[in-house]
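Subject: Structure handover and notes

Dear colleague,

Here is the structure I said I would pass on. My notes follow below it.

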Amino acid sequence: MGSDTNAQYVPEETDPAKIIVELCKLFYAQGWVTGTAGGMSIKDGDLVYVAPSGVQKERMNPVDLFVYDTKSKTYVSKPELYKPSACTPLFMACYEQRRAGACIHTHSQNAVMASLLWGREFRIANIEQVKAIPKVVEPGNLSFFDTLVIPIIENTAHEEDLAPDLEKALLEYPMAPAVLVRRHGLYVWGANVWKAKIINEAIDYLLELAVKMRHAGIDPAGDIGSEQLTRKI
Ligand SMILES: CSCCC(=O)C(=O)COP(=O)(O)O
Ligand SMILES: [Zn+2]
């Protein structure tokens, strides 16, 4: 074993605008932001970077991004052709209520399917991947035996009108690492963009798995061993 086995991987790119452009291409390839859907934002000190509204998120250039200064409450970069993402009030709520460093909004079909199969909360437990999810209210991640709970809010005609319900969910679920929007998608945030990316990937994996488990007659939040009742052999 080399001495650098546990070395932390540090991505080289640090320009938030370039990172948003790069990650939106990746999320497009995942099917998470197709057809102009979804978006993302990064908070770098007082500056909030937001993608433009209604554009193909995989084809943006760094100059297309809006940059909002939370101190002066003005846009320091405001591309003339565009409006800022309709998700902006929701991203701002995550920054203010969760002290997030980055937010991701996707229209993943796994998120939409889960929102159709669960009621007011999505729950999953006893799956190794939950260990990638932070506890939020204290340092560290969930353990294998913890239950991940994600609140589900109802969709509205316009993205920005989701903000009051998202803000309420953030207050009512202090441990939640994300919020699902029924028939719409998922909002995820993290202390920084790379943490937000990891959490989004882990949650999407768990949503997909949970939908498959339900279809197989297994309760994703059930006790270990309860699934044996559904086993044929
Ligand atoms: C077909 S996308 C409809 C709007 C939406 O839900 C979304 O996430 C994209 O909003 P934006 O303003 O960032 O384009
Ligand atoms: Zn959306």
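**Helix packing: α3 and α5**

The angle is about 45 degrees, and the two axes are 9 Å apart. Axes here are lines fitted to C-alpha atoms, for helices over the stretch in contact, with angles from 0 to 180 degrees between N-to-C directions. The crossing is left-handed, meaning that the near helix is turned anticlockwise from the far one by less than a right angle, clockwise being right-handed. On the α3 side the contact is made by Asn110, Ala111, Met113, Ala114 and Leu117, and on the α5 side by Asp204, Leu207, Glu208, Ala210, Val211 and Arg214. Contact is taken as C-beta atoms, placed from the backbone, within 7 Å of each other. By class, this contact has seven nonpolar, one polar and three charged residues. For these classes, Ala, Val, Leu, Ile, Met, Phe, Trp, Tyr, Cys and Pro are nonpolar, Asp, Glu, Lys and Arg are charged, and the others, Gly among them, are polar.

Some conventions before the rest. This is a predicted model, in which local features need pLDDT of at least 70 and side-chain atom pairs count only at pLDDT 80 or more, while totals for chains, interfaces and linings use all residues. Residues are numbered from 1 along each chain as its sequence is written, and chains are lettered from A and ligands numbered from 1 in the order in which they are written. Helices (H or I, at least four residues) and strands (E, at least two) are DSSP runs, numbered from the N terminus.

**α2 and its surroundings**

Helix α2 (residues 88-98) and helix α4 (residues 163-172) have axes that come within 9 Å and cross at roughly 20 degrees. The two helices are therefore roughly parallel to each other, and their crossing is right-handed. Pro89, Leu90, Ala93, Gln97 and Arg98 of α2 meet Ala163, Leu166, Glu167 and Leu170 of α4. By class, that contact has six nonpolar, one polar and two charged residues.

Within α2, the buried residues are Thr88, Leu90, Phe91, Met92, Ala93 and Cys94. A residue is buried if 20 or more other C-beta atoms lie within 10 Å of its own, exposed if 12 or fewer, and partly exposed in between, with C-beta atoms placed from the backbone. Their cover includes α4 and the strands β1 (39-44), β2 (47-50), β5 (102-106) and β9 (185-190).

Arg98, also in α2, is partly exposed, with 17 other C-beta atoms within 10 Å. Leaving aside neighbours within four places in sequence, Arg98 is in contact with Leu170 and Trp189. Arg98 and Pro174 are 76 residues apart in sequence, with their C-alpha atoms 8.7 Å apart.

**The core**

The largest nonpolar core has 62 residues, and those touching the most other members are Ile20, Ala102, Cys103, Leu166, Val179, Tyr187 and Val188. Helix α5 (residues 193-215) gives the most to this core, with nine residues. Such a core is a set of buried Ala, Val, Leu, Ile, Met, Phe, Trp, Tyr and Cys residues joined through C-beta atoms within 7 Å. Not counting residues up to four places away in sequence, Leu166 touches Leu90, Ala93, Ile153, Val179 and Tyr187.

**Two buried residues**

Ala17 is in helix α1 (residues 16-29) and counts as buried, with 20 C-beta neighbours inside 10 Å. Beyond four places in sequence, Ala17 touches Tyr49, Pro62 and Leu65. Its C-alpha atom is 8.1 Å from that of Asn61, which is 44 residues away along the chain.

Trp118 is in the loop between α3 (109-117) and β6 (121-125) and is buried, with 21 C-beta neighbours inside 10 Å. From Trp118 to Asp64 the C-alpha distance is 37 Å, for a sequence separation of 54 residues.

**Positive phi**

Most residues other than glycine have a negative phi. Thr36 has a positive one, near 70 degrees, and lies in the loop between α1 and β1. In Asn126, phi is near 60 degrees, also positive; this residue lies in the loop between β6 and β7 (147-153). Arg99, which follows α2, has a positive phi near 50 degrees.

Regards

Terms used. Parallel < 35°, antiparallel > 145°, perpendicular 65-115°, else oblique.
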